[in-house]
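Subject: Structure handover

Hi,

Here is the structure I said I would pass on.

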Amino acid sequence: MTITVELKDITKVYGNKTVLDNVNLQIREGEILALLGPNGSGKTTILKILAFIENPTSGEVKFQGEKVNFKNTEKVRLQSTIVFQKTALFGTSVYNNIAYGLKMRKVPKETRDREVKKALELVKLESFEKRPARKLSGGEQQRVAIARALVLKTKLLLLDEPTANLDPKNAGILEEVIDTVNRENKVTIVMATHNMFQAKKLPHRIALMDEGKITEVGAPAEVFGKLSKNLASFAAVENTFTGTAKATAAGTSKVDVGNGVQIEVTAQRQGATVVFVNPQDIILSKSAVESSARNVFKGKIIEISDLDSLVKLKVDVGKPFTVQITKRSFSEMGLRLNAEVFITFKASSVHVL
Amino acid sequence: MVDILGGIAKAFELIVSGDPELYGIVSRSLLFSGTAVILAALWGTPLAMLIAFKDFRGKTVIKTFFSTLIGLPTVVLGLILFLIFSRGGPLGFLGLLYTPASIIIGQAILVTPILISIGVSAIESVDPEIMDLAKTLGASESQAQIAVLKEAINGILLSNIASFNRAIAELGVVLLVGGNIAGGGNRTDVLTTAISRYTQRGEIDFAIALGILLMIIIFAINLVVVIARKANYIVALVKSPFSKMKRSVRETER
């Protein structure tokens, strides 16, 4: 097994804050490795070090067996590229955005044209070349950013929460692309995510992160299997809660996740449990709805952020839940910050890990 | 009593008839101020890049220094340059006083603070991620800086237009170091100085005609600025169409 990159005792300190604390990680050639952890756990910093645009405070990075000199990264930077979470595009056409890296590599024009066309096909944006990049929708912009990275055919492709701000349709397209380039072009991919579903589905291996440390590395099944050890890391992942389960007389279980929030699940469980609810499976309403759903909570909207065709809301019901609704529902319901709302979901839509 | 209405009518006649004396003055003004801005851009742009891209001690002081200099009275600069270029002055041996060259140099110095101040803030207002982005796509340090400069192009253009605006409308430097020479092969009279001369001489129609042309030039320049800003505004709107809706945006994780 060939190791593409090796991080040895990497520590990164900003001011007096230790963002990475003695991180050791080997990235194998051709794999998809997911860094899974809450915001602020150090995922992005690892990616920036792997992109060679951030230097570690201490420790050593070996790229294809050679020690990286962070004082001069111009050459090694050509082998690795990153797609940022917040889409950054040059204020020019889609073509110029995607061709930029090729121009830096002095690729002749005909090849450039061909490669840009291929990359656009891959992200399903055929004939978008002449469009002003910043006038595209958020999802399309992120796909341009991915195409711009793919076209370079670097050894290492780094993705920082590639689908975090996308609606399901765009997210699906991107996940497909990630899978394709990994399988067909053998690109080694490291992606940061706090999306539980993505972490279970895409990667070959997961590195679980918490407070600047890697707490666990292994195949998804293996990592999810050692739940009790990693409870804290999971707890901060979106819509993922840890608590104590108690079986009910009805054959279901109730998981007490703290702050008075008890989530009913269909599985029979006892003791420490991790549960996850997909944001799309939650119904949002202004008053309590009578239904068969077992989980109804009253709360307040504490955060509103918009995706392409969807609006993502954070509702505090004692614990913060992320809910996705369409933009149309959002405006028709006249929702705003601090509005009182109810969230409802079925016991059977709660995933017990 | 000056015949104002008669003067205005005569002025329009001069403008429409394409009076060579009148347009000679206009073309000198455009040439001197245009050259001055180009010259100033040659040193102002790299300096602005240096200040914007490098982190050094006293950066704020330097930035404040240049933004203060924008307000420098043109006569004061004119006086300083007169003392430097005059026969007994440190650069008197060059014989530049009362030549077009001295006007161009003077105006270039005058507008340098504008170019630097606006240029620095234009570069600094570019999303810092553009620099990282260019590097992750394989750009070297200087190539990444050029990528940022391209993003700042609207602000840079604005600084050039504002500089030209200031140069063509100023009186102090052209009068004191240019000398307002209205004859011979090396004439140094421009719009502003010629207006003052014709007014003093009582040739009010000529002064009015020059005044109108100066106003037209400045108006045209400002129109360009407004259009450029409007275009910029549209771009900004398109960039984040729902920015108003975003009550809180999650801070980009480290």
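Below is what I found, piece by piece.

First, some ground rules: residues are numbered from 1 along each chain as its sequence is written, while chains are lettered from A and ligands numbered from 1 in the order in which they are written. This is a predicted model, so local features need pLDDT of at least 70, side-chain atom pairs count only at pLDDT 80 or more, and totals for chains, interfaces and linings use all residues.

Let's begin with the domains of chain A. Domain 1 covers 3-225 and domain 2 covers 278-345; the bounds come from an automatic or database domain assignment. Their C-alpha centres are 31 Å apart. The contact between them involves 9 residues of domain 1 and 6 residues of domain 2, where contact means that C-beta atoms, placed from the backbone, lie within 7 Å. On the domain 1 side, helix 4 (138-150) and helix 5 (168-185) each give at least two residues. Helices here are DSSP runs of H or I with at least four residues, strands are runs of E with at least two, and both are numbered from the N terminus. That side of domain 1 has 3 nonpolar, 5 polar and 1 charged residues. For the classes, Ala, Val, Leu, Ile, Met, Phe, Trp, Tyr, Cys and Pro are nonpolar, Asp, Glu, Lys and Arg are charged, and the others, Gly among them, are polar.

Next, a helix pair in chain A. The axes of helix 2 (residues 94-104) and helix 3 (residues 109-122) come within 10 Å and cross at roughly 120°; axes are lines fitted to C-alpha atoms over the stretch in contact, with angles from 0 to 180 degrees between N-to-C directions. Helix 2 brings Tyr95(A), Ile98(A), Ala99(A) and Leu102(A) to the contact, and helix 3 brings Arg112(A), Glu115(A), Val116(A) and Ala119(A). By class, that makes 6 nonpolar, no polar and 2 charged residues.

Beyond four places in sequence, its contacts are Val23(A), Asn24(A), Leu25(A), Gly59(A) and Val61(A).

Finally, chain B has 11 helices and 0 strands. Of its 254 residues, 38% are buried.

Cheers

Technical notes. Contact = placed C-beta atoms within 7 Å. Buried ≥ 20, exposed ≤ 12 C-beta atoms within 10 Å, placed from the backbone.
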